[in-house]
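This briefing is for reading alongside the sequence and the coordinates.

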Amino acid sequence: MFTELNEKLLIVKDDLRKKEKYEDHLERLRADLQLEIQKRDMYMHMLEEKKEDVSRFESFTLANIFYSLIGKKLEKIDQEEQLIAAMKLKFKEAMETVADMENEIKKFEMELTSVANADVEYEAILKEKERLIRDTDSFWNDKLYTLSEKEAELFAGLKEYNEAIEVGQKAKHQLDEALDELESAHNWSTFDMFGGGTISTFVKHSRYNSAQDLIHDAQHTLRQFREELLDLKKHFDHDYDIGNMLTVADYFFDGIVVDWMVHGKINDAMSQTEKMYDLVKTTLKEIKLQRDELEKELTDVHWERIELFESCS
């Protein structure tokens, strides 16, 4: 009975954690989705007013925009063309972000269904606990049950930390890949400035296109990382630099597109991405230390429970 109830506690405590987590994530995601839809629709209407075909949003890439301006010197591209180029990329980014969020909402809705009865199951365990404690033939007592419940809570908390670390490491890897592409674009841009020709120009903008895609992926993962950090902040009262988690993508897509084709602006994009990479790296180091402390506490509680159990049985 002891082992069975202990296993039930571990499962139900984790399910309660998941249920609360999914509900919180869904609430924030739905609110963020509405804001992103408004942004998407705003850019769509602006482009339609400029007689641009928004149905071809997949073609709104840095390379395609650049080649549509071939034959013009950068300094002679007027402000209107710069504005439309920027709007195209922002519209595409908003379209893809809306799709990402909608898919994420569906995923959380399905996962929430699987733990919908966690509260009911926990109440059943509480009743079983009370019955066992009242049973004079049972070795269960309040202290033993309290330790078992504490162990289950710590175990669930440890999973919370590990989930946050997994997402953070993914974001760090994506930002690292984006930096590699920006570094390559920077090098080809240097070559281009000294007369590299058509091939170097093509490679430079191809690298920037790849960086654009990687930054989008990183933005999506950074949003997930922010959600994981909000969970940790709620349950463990830790403070993280959550406010800056999405600034790299905001910077990347809010700049004037044509200016990015100038060597100095590639340096700016690299600098901003490096800052975000360092922030994620620092935050990961911090939560790994907190995870290790929690792991030690879990081990201590586990052995304390085992010793009490052996003395009672």
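Helices here are DSSP runs of H or I with at least four residues, numbered from the N terminus. With helices defined in this way, α5 gives the most to the negative patch, with four residues. The model is predicted, and the protein chain has an average pLDDT of 80, with 74% of the residues scoring at least 70.

**Negative surface patch**
- The residues that form the negative surface patch are Asp176, Glu177, Asp180, Glu183, Asp213, Asp217, Glu274 and Asp278.
- At least two residues of the negative patch come from each of α5 (142-193), α6 (198-236) and α9 (263-312).
- Aspartate 176, one of the patch residues, lies in helix α5, and it counts as partly exposed because its relative accessibility is 32%, which falls between the limits of 20% for buried and 50% for exposed.

**Lysine 51**
- Lysine 51 is found in the loop between α1 (2-49) and α2 (62-68), and its phi is positive, at about 65°, although the residue is not a glycine.
- Most residues other than glycine have a negative phi.
- Lysine 51 counts as exposed because its relative accessibility is 75%, and the cut-off for exposed is over 50%.

**Confidence by element**
- Among the elements of the protein chain, α1 has the highest mean pLDDT, at 90, whereas helix α8 (residues 257-260) has the lowest, at 48.
- Where pLDDT is low, the predicted coordinates should not be read in detail.

Note on methods:
Residues are numbered from 1 along each chain as its sequence is written. This is a predicted model: local features need pLDDT of at least 70, side-chain atom pairs count only at pLDDT 80 or more; totals for chains, interfaces and linings use all residues. Side-chain values use heavy atoms; hydrogens and water are left out. Buried means under 20% relative accessible area, exposed over 50%, partly exposed in between (1.4 Å probe, protein chains only). pLDDT is the predictor's confidence in each residue, from 0 to 100. Patches are made of residues with over 30% relative accessible area and no salt bridge: like charges are joined within 9 Å, nonpolar side chains (Val, Leu, Ile, Met, Phe, Trp, Tyr) within 5 Å. Accessible areas come from the Shrake-Rupley method with a 1.4 Å probe; for residues, only the protein chains shown count as cover. A salt bridge is a side-chain nitrogen of Lys or Arg within 4 Å of a carboxyl oxygen of Asp or Glu. Lys and Arg count as positive and Asp and Glu as negative; His and the chain ends are not counted. The place of a charge is taken as NZ of Lys, CZ of Arg, CG of Asp or CD of Glu.
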